[in-house]
Amino acid sequence: RFRAIGQEERVSLAAGHETLEHWVKTTGDVDLGLKAGTSMRLGEGGALDFAMHSAGTLREAIEIAGRHSRLFSDALDPKLEINGSQAIIRLDSKLQWPRAASDFTLAAWHSTHMSVQLPESSGVEAWFAQSEPANTAEYERAFPGAKLKFDAPCYGFAFDADYVDTPLVSADTALHAAHCEHLEFLQARLWEPRSFALRVRELIASELRRGRPTSWDVARQLQISRRTLVRRLSTEGTSFKNELDELR
């Protein structure tokens, strides 16, 4: 079902959440989201990771995240708020999160960004809108050095506001400009219609790693008949043989 979508197509949030909940149930591990999140490393979030790390300050990094979050989720809405002496990074979702999804998002954000960009002296708190679970051991492992706060007003992180505009050690003006330019290019592509031939080509490329792809195989993955596959490729001025030969 996922392979039929195409390698660069967007998986719906409902399908993503359904998959997460399926594996939590299958493994019986309610902390699966936390464990997956802590395994994330810098760069696995693509160009956005590098743009955030090369930004001049944490404020600039969060602005970049908010501007380009659509590249990675149609629902995530990161924003920075200042409440007196405390800064709050809100990781709001436009759709209700299952626990595994919110756990993964916060753990990944902490592992990739917060633990790297903020010192322990900043008093980082990890906020969870859900109630405190009976066992918090995995949360303590996932957020080392951070204070856990459940039943919080939102999901996100809080820390000393003095660190919002402190220059980041990883700041790099030239690299930041290059990464931001690439993000703008990627975001513009979200709205471009994708050709059917390109989807077919991506599936052929994937199948070539396993052996000799056939038009029957690709049609089955696209959940259409072989006849429809041939007709639609012909409409775009190509054929399965042409696409296969070019890729070879």
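This is a predicted model: local features need pLDDT of at least 70, side-chain atom pairs count only at pLDDT 80 or more; totals for chains, interfaces and linings use all residues.
1. Along the chain Asp172 is 87 residues from Ser85, and in space the two are 28 Å apart, C-alpha to C-alpha.

2. Thr214 is found in the loop between helix H8 (196-208) and helix H9 (215-221), and with a relative accessible area of 28% Thr214 is partly exposed. Thr214 and Arg226 are 12 residues apart along the chain, and their C-alpha atoms are separated by 9.9 Å.

3. As general background, nonpolar side chains in soluble globular proteins tend to be buried together. Here the largest nonpolar core has 38 residues, and those with the most contacts inside it are Leu91, Leu106, Trp109, Phe128, Phe143, Phe157 and Phe159. Several elements each supply at least two residues of this core, among them strand E2 (86-93), helix H5 (99-117), strand E5 (156-160) and helix H7 (173-189). A second, separate core of 12 residues includes Val200, Ile204, Val218 and Leu233.

4. Which residues does Phe159 touch, leaving aside its neighbours within four places in sequence? Phe159 is in contact with Leu58, Ser85, Gln86, Ala87, Ile89, Met114, Leu118, Ser122, Gly123, Val124 and Val164.

5. The second largest pocket holds about 170 Å³ of space. Its lining includes His53, Leu58, Val116, Gln117, Leu118 and Pro119, and Tyr163, Thr166, Pro167, Leu168, Val169 and Ser170 also line this pocket. Sorted by class, the lining has 8 nonpolar residues, 4 polar residues and no charged residues. Leu58 and Leu118, which line the second largest pocket, are also among the contacts of Phe159.

6. A last point concerns the cysteines. Cys154 is buried, because its relative accessible area is 4% and the limit for a buried residue is under 20%. Cys180, with a relative accessible area of 14%, is buried as well. A disulfide is a covalent bond between the sulfur atoms of two cysteines. How many disulfides are counted in this model? The count comes to 0 disulfides, the rule being that a pair of cysteine sulfur atoms must lie within 2.5 Å.

Definitions and conventions: Residues are numbered from 1 along each chain as its sequence is written. Side-chain values use heavy atoms; hydrogens and water are left out. Buried means under 20% relative accessible area, exposed over 50%, partly exposed in between (1.4 Å probe, protein chains only). A nonpolar core is a set of buried Ala, Val, Leu, Ile, Met, Phe, Trp, Tyr and Cys residues joined through side-chain atoms within 4.5 Å. Helices (H or I, at least four residues) and strands (E, at least two) are DSSP runs, numbered from the N terminus. Contact means heavy atoms within 4.5 Å. On a 1 Å grid over the protein atoms alone, a cavity is a set of points where a 1.4 Å probe fits but cannot get out, and a pocket is an open set with protein on both sides within 12 Å along at least five of seven lines; lining residues have an atom within 4 Å of a point. Grid points are joined across faces, edges and corners, and a volume is the space filled by probe spheres set on the points. Ala, Val, Leu, Ile, Met, Phe, Trp, Tyr, Cys and Pro count as nonpolar, Asp, Glu, Lys and Arg as charged, and the others, Gly among them, as polar.
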